[in-house]
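Reader: I'm new to this one and would like to learn how to read its packing. Could you walk me through it?

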Amino acid sequence: MIVVMHAHASRSAFLAALAGAAAGIAVPARARAAALPEMIALAPGVSYVRGDIENALTCNTGVIESAGRLSLVDAAVPDGAAAALQAIRAHSALPLARVIDTHYHLDHTYGNAFWNDHGAEPIAVEGLAAELASAEPELFGGGPGLWQKMSSSLASLKSSRPLAPRYAPSGTTFEAAGRAFSLIHPGVAHTRSDAVVWLPKERILFTGDLVANGPYNAVADSTIGSWIGVLDRLRALGPAIVVPGHGDAGGPELIDRQQGYFRAVTAAVDAAVAAGKDVGAEIPAMRERLRADPATAKYVNDHHLAYSAFFAFHDLAAKIYHERTGKTLARLPGLPPPARCCGDLARYRSAT
Ligand SMILES: [Zn+2]
Ligand SMILES: [Zn+2]
């Protein structure tokens with residue numbers, strides 16, 4: 001059962017007043033309280049704070065209580081992390097233990113320093129270091145990277161800093177006081193080093209971006225054919241509750257729907273290739289067919305989103321075309337160039 005936990009009104013107002021006072025600005029308590037993200041209970045001691053990828057570039061943040069401390073899943077960006085902590089503190093005063101980064105993308109790691117400053121040690125699966133090094137060479141003794149580039153478009157980066165996680169092997173299990181949860185790298189998918197967090201007793205799975213519940217598949221680092229197989233592995237764990245990286249939690253059907261979407265796009269690309277059509281020219285029609293199908297409509301990117309081009313359908317179709325044929329799709333006139341996660345995010349924001 002999934003229950004939205006609304007912060008107690010008076011406590012929210014109290015926190016809002018504190019936040020306003022700390023910022024030195026007069027913020028109406030009600031407006032401030034309304035901006036608090038939802039904290040949604042999944043089981044006793046397990047919940048998540050709902051992120052807002054559409055407007056604020058934040059991911060969902062899992063919250064797992066264990067032995068009197070809280071472990072978090074995904075760090076979000078610094079201001080998203082601050083909002084998530086405010087939501088958590090409306091329900092719990094327990095100290096923080098760790099924050100697990102499910103993959104290297106900025107919307108899942110840039111809050112590391114914020115959480116670390118609040119007592120949580122950032123942790124990720126070992127393979128993440130290589131991808132992080134390509135995006136943030138500064139962390140590995142190199143020059144400025146994506147963090148510096150993004151600082152002009154994400155204001156909260158100016159008051160924080162990049163921070164690498166401690167690395168742990170896939171299969172690492174945190175176990176205390178009757179609660180166990182594991183960090184598992186299930187294979188190459190959304191990135192090369194995704195990890196999920198699995199609670200076998202509660203059968204709750206935090207998937208990071210291996211599952212989205214909405215039009216939030218950023219595929220620039222992805223291998224779609226392998227991702228489809230990874231989703232089989234997640235299904236085989238037998239989760240009862242699935243918390244995606246972005247969008248609402250649900251049951252195991254979220255895994256099936258995500259996989260079904262990738263299979264549908266793959267089938268559409270294969271059919272166009274088999275018919276000898278110009279696949280690039282077919283993409284707009286493909287997109288409209290998938291938007292008209294209730295099984296896939298929710299996953300096709302919607303141009304009203306602030307970051308819509310980042311989740312562009314044509315990038316997914318082009319990626320699948322390349323995987324299936326080895327050929328690179330010529331861009332259609334008028335389409336932005338393919339997204340490179342996450343370095344092109346600032347450019348995409350200004351282009352859309
Ligand atoms: Zn991602
Ligand atoms: Zn994400």
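Reader: In which hand does α10 pass α11?

Author: Some ground rules before I answer. Residues are numbered from 1 along each chain as its sequence is written, while chains are lettered from A and ligands numbered from 1 in the order in which they are written. This is a predicted model, where local features need pLDDT of at least 70, side-chain atom pairs count only at pLDDT 80 or more, and totals for chains, interfaces and linings use all residues. Helices (H or I, at least four residues) and strands (E, at least two) are DSSP runs, numbered from the N terminus. A crossing is left-handed if the near helix is turned anticlockwise from the far one by less than a right angle, and right-handed if clockwise. Here, α10 passes α11 in a right-handed crossing.

Reader: At what angle do helix α10 and helix α11 pack?

Author: Two packed helices are described by the angle between their axes and the distance between the axes. Axes are lines fitted to C-alpha atoms, for helices over the stretch in contact, and angles run from 0 to 180 degrees between N-to-C directions. Helix α10 (residues 253-274) and helix α11 (residues 279-292) pack at about 140°, and their axes are 10 Å apart. The labels go by angle: under 35 degrees is roughly parallel, over 145 roughly antiparallel, 65 to 115 roughly perpendicular, and the rest oblique. So α10 and α11 are oblique to each other.

Reader: And how do α9 and α10 cross?

Author: Their axes come within 10 Å, crossing at roughly 155°. That makes α9 roughly antiparallel to α10. This crossing of α9 and α10 is left-handed. Residues are in contact if their C-beta atoms, placed from the backbone, lie within 7 Å. Among the residues making this contact are W227 and L231 of α9, with F262 and T266 of α10.

Reader: Now the sheet: in what order do the five strands come?

Author: Strands pair if DSSP finds at least two bridges between them. The open sheet runs β9-β10-β11-β12-β13, with mixed pairing. β9 (173-176) and β13 (241-246) are at the edges with a single partner strand each, so one side of each has no neighbour in the sheet. On average, neighbouring strands are turned by 25° against each other, direction ignored.

Reader: Which residue is the bridge partner of W198 in β12?

Author: That's L205. β11 (residues 196-199) and β12 (residues 204-212) run antiparallel, joined by three bridges. Helix α9 (residues 224-236) packs on the sheet, touching β11 and β12. As for α10, that helix lies across β12 and β13, at about 20° to β12.

Methods:
Contact = placed C-beta atoms within 7 Å.
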